[in-house]
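Student: Hey, can you walk me through this structure? I'd like to go through it bit by bit.

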Amino acid sequence: TKTLTIVLGDQLDRESAIFDDFDPQHDIIWMAEVAGESTHVWSHKVRTAFFLSAMRHFRDELREAGRRVDYRELPAKSDGRTKVGGEETLAAALRDAIDRLKPERLAVVHPGYWRVQDDMRRVAEEAGLELVELDDSHFYTTPADFAAHAEGRKQVRLEYFYRELRKRFNVLMDEGDPVGGAWNFDKENRGAFGKKGPGALRQPRRSNPDNTTQAVVDLVNERFADHPGELDDFDWPVTVGDARRALTDFVKHRLPDFGNYQDAMWTDQPWLYHSRLSAALNVKLLNPREVVEAAVAAYHAGDAPLAAVEGFVRQILGWREYVRGVYWNHMPAYLDRNTLGADQPLPAFYWTGETDMACLRDAVGQTLRYGYAHHIQRLMVTGLFAMLLGVDPRRVHEWYLAVYVDAIEWVELPNTLGMSQYADGGLMASKPYCATGKYIDRMSNYCGGCVYDPAKAIGDEACPFTTLYWDFLARHRDRLAGNNRMAMQLKNLDRKAPDEVAAIRRQADALRERLAEAPDKPRA
Ligand code: FAD
Ligand code: SF4
């Protein structure tokens with residue numbers, strides 16, 4: 001073998017640069033399923049099944065196209081061959097492949113995990129082999145583009161990076177100006193459903209499991225029986241065809257209302273107007289350009305309003321590229337950031353959904369069932385609660401990386417540690433996303449079905465979010481005082497009588513103590 005062409009589980013990209021110089025006579029594609037990728041965090045069954053099924057479908061497609069693929073299937077029981085210190089790891093599987101196939105060099109596209117990149121480099125060095133690393137052409141930008149944008153700026157903000165990309169890639173532009181005369185239609189994109197609720201919602205198109213997926217579902221149920229989640233409803237797209245049909249279904253039926261209801265939540269309605277495309281995008285079954293183009297085409301055809309289309313494009317061309325830039329610009333030190341010195345354990349209900357707080361019960365419950373929650377549930381329910389409580393950001397990160405079908409570290413970590421926990425001290429977000437239960441009340445119907453009252457901070461009926469919000473402001477007052485954007489919130493805190501603040505803080509301490517009693521996390 002000349003080149004061992006490494007294709008990782010999140011690199012299922014037909015157009016990948018790794019195939020440009022592929023020599024079918026001498027090169028071999030290497031892919032491996034290893035348990036370590038499901039056990040280094042306590043991975044949700046849906047997340048593991050999604051990756052394995054998409055990988056197997058991609059393998060079959062490569063083989064049908066006449067390419068040689070050395071593929072390691074995860075055995076139902078450990079075969080011991082790739083074990084290191086009790087764990088089966090990707091690095092050990094790669095060493096095993098090098099021993100068997102004796103390549104002259106290795107090639108890989110820039111991975112989605114710093115840890116995996118480090119492993120690949122280490123294994124290549126130990127084996128005395130060259131490792132060719134290619135930029136990932138799936139993305140609009142490279143980490144170097146982001147680093148160049150960040151260079152010399154005191155603060156990097158999504159908005160300016162996004163505008164640069166709109167211009168550079170000519171997306172929703174009209175002779176140098178943004179289409180519609182504004183870069184941003186956020187004001188139109190903050191709607192709630194009100195008392196009436198969302199009405200009868202059309203459910204997203206299902207991608208029904210074929211035999212390959214069914215075999216994976218059986219394997220995951222056997223091998224990872226005690227991991228969180230269930231596979232009965234598994235319907236994620238695992239092929240390019242399924243992913244494109246899911247995209248068409250979204251653009252036609254949900255995109256027109258995506259903008260307006262982007263931040264809204266409703267009990268037992270996990271999908272609402274969201275696209276459900278993150279997992280297919282992140283393993284590269286879908287290219288972000290085709291997703292953006294489909295949305296822009298719907299605008300030009302008069303099928304979706306500009307605010308919805310711009311809001312959607314901003315997520316993909318903006319946020320998705322931006323968080324990747326933050327990740328590669330700041331790893332590996334980013335993983336250890338803990339600006340607020342948070343050290344609480346993660347409450348046990350994150351792994352069970354068993355809590356009397358209705359919003360958390362719904363958001364965690366659907367997460368455990370489907371491996372999915374939409375952005376505002378992740379940011380302003382599970383994320384907000386952890387930040388206000390003061391949970392160690394590393395534990396919060398491990399939870400998010402484990403439980404979402406779309407979780408890959410480059411996108412999960414900046415969103416969790418930066419945007420939701422403010423543990424990076426403001427790299428990702430200009431201020432902490434902190435709010436009382438009243439925010440959740442405004443954006444959902446959760447509070448109507450809850451034993452707590454979002455307006456109260458003290459007493460048996462006090463909403464824990466509201467109690468912890470004031471406690472959070474009081475605890476971090478000095479740090480936050482330097483931030484202009486927090487001025488209003490701190491002013492409101494200062495209006496409270498000292499007795500009231502003291503009572504709130506006692507109640508917050510009691511809550512923290514009670515939630516810390518349960519074990520942090522069941523271990524695999
Ligand atoms: P939609 O609401 O339909 O949005 C469209 C697309 O935009 C998404 O598919 C996604 O590709 C992209 N997008 C939207 N918001 C973001 C964002 N903040 N960062 C990057 N891309 C974005 N997204 C992941 O893909 N993987 C993760 O592991 C992940 N972890 C998160 C953790 C936290 C704490 C938070 C607050 C957000 C996280 N996100 C993550 C971002 C976002 O919540 C998900 O991309 C989105 O909910 C996926 O559902 P959807 O495809 O229906 O998205
Ligand atoms: Fe959540 Fe508080 Fe509303 Fe209950 S009252 S649903 S805990 S925000």
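Student: Which helix gives the most to the shell around ligand 2?

Tutor: H17 does, with three residues. Helices here are DSSP runs (H or I, at least four residues; strands are E, at least two), numbered from the N terminus. One thing before we go on: this is a predicted model, where local features need pLDDT of at least 70, side-chain atom pairs count only at pLDDT 80 or more, and totals for chains, interfaces and linings use all residues. Residues are numbered from 1 along each chain as its sequence is written, and chains are lettered from A and ligands numbered from 1 in the order in which they are written.

Student: OK, and which residues come nearest to ligand 2?

Tutor: Cys359, Gly437, Cys447, Cys450 and Cys463, out of 14 residues around ligand 2. A residue is near a molecule or strand if its C-beta atom, placed from the backbone, lies within 6 Å of it. The elements giving two or more residues to that shell are H13 (358-370), H17 (437-443) and H18 (464-475).

Student: What classes are in the shell around ligand 2?

Tutor: There are 12 nonpolar residues, one polar and one charged. Nonpolar covers Ala, Val, Leu, Ile, Met, Phe, Trp, Tyr, Cys and Pro; charged covers Asp, Glu, Lys and Arg; the others, Gly among them, are polar.

Student: Switching to ligand 1, how many residues surround it?

Tutor: 27 residues, and the closest are His274, Ser275, Ser278, Gln315 and Glu412. Helices H10 (278-282), H12 (306-330), H14 (375-389) and H16 (409-420) each give two or more residues to the shell around ligand 1.

Student: Which domains does ligand 1 lie between?

Tutor: Domain 2 (143-204 + 254-330) and domain 3 (348-517) both give residues to its shell, so ligand 1 lies between them. The domain bounds come from an automatic or database domain assignment, which also gives domain 1 (3-134).

Student: How far apart are the centres of domain 1 and domain 3?

Tutor: Their C-alpha centres lie 38 Å apart.

Student: How do H2 and H7 cross?

Tutor: The axes of H2 and H7 (residues 211-223) come within 9 Å and cross at roughly 140°. Axes are lines fitted to C-alpha atoms, for helices over the stretch in contact, and angles run from 0 to 180 degrees between N-to-C directions. H2 and H7 are therefore oblique to each other. The cut-offs are under 35 degrees for roughly parallel, over 145 for roughly antiparallel, 65 to 115 for roughly perpendicular, and oblique for the rest.

Student: Which residues in H7 meet H2?

Tutor: Thr212, Thr213, Val216, Val217 and Val220. On the H2 side, the residues include Lys45, Leu52 and His57.

Student: Last one: how are H11 and H12 arranged relative to each other?

Tutor: The axes of H11 (residues 288-300) and H12 come within 9 Å and cross at roughly 165°, so the two helices are roughly antiparallel. Among the residues making that contact are Pro288 and Tyr299 of H11 and Phe312 and Arg320 of H12. By class, the contact has 13 nonpolar residues, no polar and one charged.

How values were computed
Contact = placed C-beta atoms within 7 Å.
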